[in-house]
Amino acid sequence: MPDDVAIPEALFIETVRATGREMKCLHCQGELRQSKVPYAVNRHGYHLIIDDVPAWVCSQCGEPLFDEKQVDAIQQIIRKIDTDVPLVLQVA
Ligand SMILES: [Zn+2]
């Protein structure tokens with residue numbers, strides 16, 4: 001059971017704020033716009049897609065940046081499913 005529930009694709013918007021600059025994309029310096037995007041999580045044994053997660057999306061490269069609040073909530077969901085999925089997969 002992997003203990004690490006890090007979300008590799010998630011870049012915390014806090015990182016952008018911490019730089020003290022304008023809200024620019026970390027990859028291409030494009031302008032970020034508030035939007036909603038589906039969040040896909042691929043884990044061992046299951047795949048989870050959450051629709052319409054609030055995010056800042058780069059107007060140039062389309063890379064989404066998620067707020068720490070959203071990332072924390074998603075990590076809680078992943079921890080719970082990681083615990084429950086093995087129960088489903090058990091052979092009686
Ligand atoms: Zn970009």
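Student: How many helices and strands does the protein chain have?

Tutor: Let's set the ground rules first. This is a predicted model, where local features need pLDDT of at least 70 and side-chain atom pairs count only at pLDDT 80 or more, while totals for chains, interfaces and linings use all residues. Residues are numbered from 1 along each chain as its sequence is written. Helices (H or I, at least four residues) and strands (E, at least two) are DSSP runs, numbered from the N terminus, and here the protein chain has 2 helices and 3 strands.

Student: Is Gln29 buried or exposed?

Tutor: Gln29 sits in the loop between helix H1 (13-18) and strand E1 (32-43), and its phi is near 65°, a positive value in a residue other than glycine. Now for the cut-offs: buried means 20 or more other C-beta atoms within 10 Å of the residue's own, exposed means 12 or fewer, and partly exposed is in between, with C-beta atoms placed from the backbone. Gln29 has 12 other C-beta atoms within 10 Å, so it's exposed.

Student: And where is Asp52 found?

Tutor: Asp52 also has a positive phi, near 55°, and isn't glycine. With 10 other C-beta atoms within 10 Å, Asp52 is exposed. Its place is in strand E2 (residues 46-58).
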